[in-house]
Number of protein chains: 2
Amino acid sequence: MIIERNMERTDLPLVVIPACFPSMVPYLERGLDEIAAKARVRMHTDMTLDRDEIMRRLDGANVAMTTGIHFTDDMLDDLAPTMRCITFGGTGIANFVGVDHAHDLDIMVCNAVHYGDNAVAEHTIALLFEITHKAGRLDVRTRAEGWPGSDITEIGGLTMGIIGFGGIGRRVAELAHGLGMNLTVWARHPDDDALRKLNARRASSIDDVFSTADVVSPHLALNDATRGIITAHHLGLLRPGSIFLNTARAELVEPGALEQRLRRGDVFAGLDVFAPEPLPDDAPLRDCPNTVLTPHVAWRSGKALDGIVRQNIRSVIAFLDGESYNAV
Amino acid sequence: MIIERNMERTDLPLVVIPACFPSMVPYLERGLDEIAAKARVRMHTDMTLDRDEIMRRLDGANVAMTTGIHFTDDMLDDLAPTMRCITFGGTGIANFVGVDHAHDLDIMVCNAVHYGDNAVAEHTIALLFEITHKAGRLDVRTRAEGWPGSDITEIGGLTMGIIGFGGIGRRVAELAHGLGMNLTVWARHPDDDALRKLNARRASSIDDVFSTADVVSPHLALNDATRGIITAHHLGLLRPGSIFLNTARAELVEPGALEQRLRRGDVFAGLDVFAPEPLPDDAPLRDCPNTVLTPHVAWRSGKALDGIVRQNIRSVIAFLDGESYNAV
């Protein structure tokens, strides 16, 4: 479906939502009037990742409000004659838009921040529970096999190693603390007060985290300093029975290193992020043992969707007013 | 496999472990020497629920150490000439052994307590996460479908309604509090200090819990006062989107009431306990929508198994010494 506002007002800038997740539609619709006070608006209510279709929908647009769409530099070049602002429904924009290239083309890029800290932190814990208690996979087995036997592992008393202590890393620490886990945290700029309140040990290095924790979970933004920061060496330090979680970005891990470590069969992984996404059907990760794979859904709660849309709309309004909000 | 100790010492009482979960074997083996100082011991290391086979294995036994085996009154009658003590690897003995009938036959019955409070509380939370974040079922779908879309629901900010505030109910309250949930607790003898520390509201009635909480979880022992304590009326009070959890005993709920409520399709259930168990292949619950079913595994952590076996062995030693420990 296409929802349009003000299309006759060709004197106004054109804001296009070229695609969106169905669950985002009600939140976006709620904000359309506010934008329509200052612009023409065209919203496509379906999701597509088809490059040609997206480019057709963005033809002539001055502002694009996007979620989950990867823009290549070529696409940015083609859009550049009219496009002045792209909003991104997420925080980790680096693997969706080439920000430097966009800036070279005089395109403002805006993201959304902290809307999903609790949602992503909860999903990190959900992956941990699925590895240790297996409720979802036991449900599937109970329906297929009748009454399967299975043991569980308690997470209380285990040590959670957290790499990065921003909004999400800190929330994961709080939830893990609340579940009776011990905490080891490595961060470039740790907040010692916050660590003390959670009775968390400050790790001296990423090596320290991997060699002492039962569960390791990175929560870093992806940038040139963090790309591949977790190496095969680090994963080699995981002791048998350890669990590696990733709800941040797959590119934080050296390419191929996780697959290689998992093939030894003695550690577990709970992953919500992959490189590339969508995860190809023939991706080696799908054949690695002891994994729980979810399709980058950690951020997709109603609360988070509402927060994203509110911030993106505020960015569009700011841009239309000649200002900026959440510009990257 | 059969492990025997002291079998030549026919002057000593005979302790038989007629069946056990494979994961329990190492914990039981560790305790055999202690029992063998005072008795003959025969341990079967496989699990069976076949009545005739169990009765054959228990022939002539004076003490039976059991887990997961249901004894009918007929079985107790047949065992009575020699049997003097049955230990049960669990707390909720009521639907495994007719305790009054055993006492009439001069059979001491011993259970194990609190060994699994944290394990069961964690599994309650694991079921809640699987309903809200769906990690396990998304893993299965990601492997089958490629890259399925799905939204999640945050549990932070929801209200957890807990019925019963013993060891497990209290631990569930602590975990839920740690995850940022609000708490409403109903119990016959609530511990007001503990409720205050968890910022929990004391509910005036079971009706109150069902009509105000987003998630309802009973944690009561099964006895004549609690059998069927949760009725169709209570389940009818659940608002659309609410979640009912049960890791305690299925018999706490009026027979058929949960199935009937679930068929309306507007509420969710996470269940680890059923009546009867194993859950029959044609049980109506299997066809109810919005359910996560696990096969009574909440207690089966290594820590809990260790605790059970230690307590059961202490009960056997006490019995052999003419005393009692954990006698019901």
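Domain bounds here come from an automatic or database domain assignment. For chain A of this predicted model, that assignment gives domain 1 (2-115 + 302-320) and domain 2 (117-293). Chain A also pairs up with chain B, burying about 4,500 Å² between the two. Below is a quick tour, from the record's annotations to the domains, the interface and the salt bridges.

**What the UniProt record says**

- In an unreviewed entry, UniProt lists residues 125-298 of chain A as "domain: D-isomer specific 2-hydroxyacid dehydrogenase NAD-binding".
- That stretch, residues 125-298 of chain A, comes out at 32% helix and 16% strand, and its end C-alpha atoms sit 10 Å apart.
- Another annotation from an unreviewed entry, "domain: D-isomer specific 2-hydroxyacid dehydrogenase catalytic", covers residues 30-325 of chain A.
- For residues 30-325 of chain A, the figures are 37% helix and 15% strand, with 19 Å between the end C-alpha atoms.

**How the two domains of chain A meet**

- Going by C-alpha atoms, the centres of domain 1 of chain A and domain 2 of chain A are 32 Å apart.
- Nine residues from domain 1 of chain A and eight residues from domain 2 of chain A make up the contact.
- About 600 Å² gets buried between these two domains of chain A, and carbon and sulfur atoms give 44% of that.
- On the domain 1 side of chain A, the trio to look at is A:A94, A:N95 and A:H114: they supply 58% of the area that domain 1 buries against domain 2, more than any other three residues.
- As for polar links between domain 1 and domain 2 of chain A, there are zero salt bridges and two residue pairs in polar contact, both residues being at pLDDT 80 or more.

**How chain A and chain B are related**

- Chain A superposes on chain B through a rotation of 180° with 0.0 Å of shift along the axis, at an RMSD of 0.1 Å.
- That is the relation of a two-fold axis.
- Both copies use the same surface, with 100% of the contact residues of chain A recurring in chain B.

**What the A-B interface is made of**

- The contact involves 56 residues of chain A and 56 residues of chain B.
- Of the roughly stated buried area, about 4,500 Å², carbon and sulfur atoms give 57%.
- Two salt bridges run between chain A and chain B; one of them joins the side chains of A:R300 and B:D151, at 3.2 Å from N to O.
- There are also 32 residue pairs in polar contact across this interface, with both residues at pLDDT 80 or more.
- On the chain A side, at least two residues each come from helix 5 (117-132), helix 6 (135-145), helix 7 (167-178), strand 13 (291-293) and helix 12 (302-320).
- Helix 5 of chain A gives the most to that side, with nine residues.

**Salt bridges in the whole structure**

- Side chains of opposite charge can pair when their charged atoms come close.
- Over all chains, the structure holds 44 salt bridges.
- One salt bridge within chain B joins the side chains of B:R30 and B:D306, at 2.6 Å from N to O.
- B:R30 lies in helix 1 (residues 25-36) of chain B and B:D306 in helix 12 (residues 302-320) of chain B, so this pair ties together parts that are 276 residues apart in sequence.

How values were computed:
Residues are numbered from 1 along each chain as its sequence is written. Chains are lettered from A and ligands numbered from 1 in the order in which they are written. This is a predicted model: local features need pLDDT of at least 70, side-chain atom pairs count only at pLDDT 80 or more; totals for chains, interfaces and linings use all residues. Side-chain values use heavy atoms; hydrogens and water are left out. UniProt positions are given in the numbering used here, feature names are shortened, and annotations may be inferred rather than shown by experiment. Helices (H or I, at least four residues) and strands (E, at least two) are DSSP runs, numbered from the N terminus. Copies are superposed by least squares on the C-alpha atoms of residues with pLDDT of at least 70 in both. Contact means heavy atoms within 4.5 Å. Buried area is the accessible area (1.4 Å probe) that two parts lose on being put together, summed over both. A salt bridge is a side-chain nitrogen of Lys or Arg within 4 Å of a carboxyl oxygen of Asp or Glu. A polar contact is a pair of N or O atoms within 3.5 Å; within protein, one must be able to donate a hydrogen and the other to accept it, and residues adjacent in sequence count only if both atoms are side-chain atoms.
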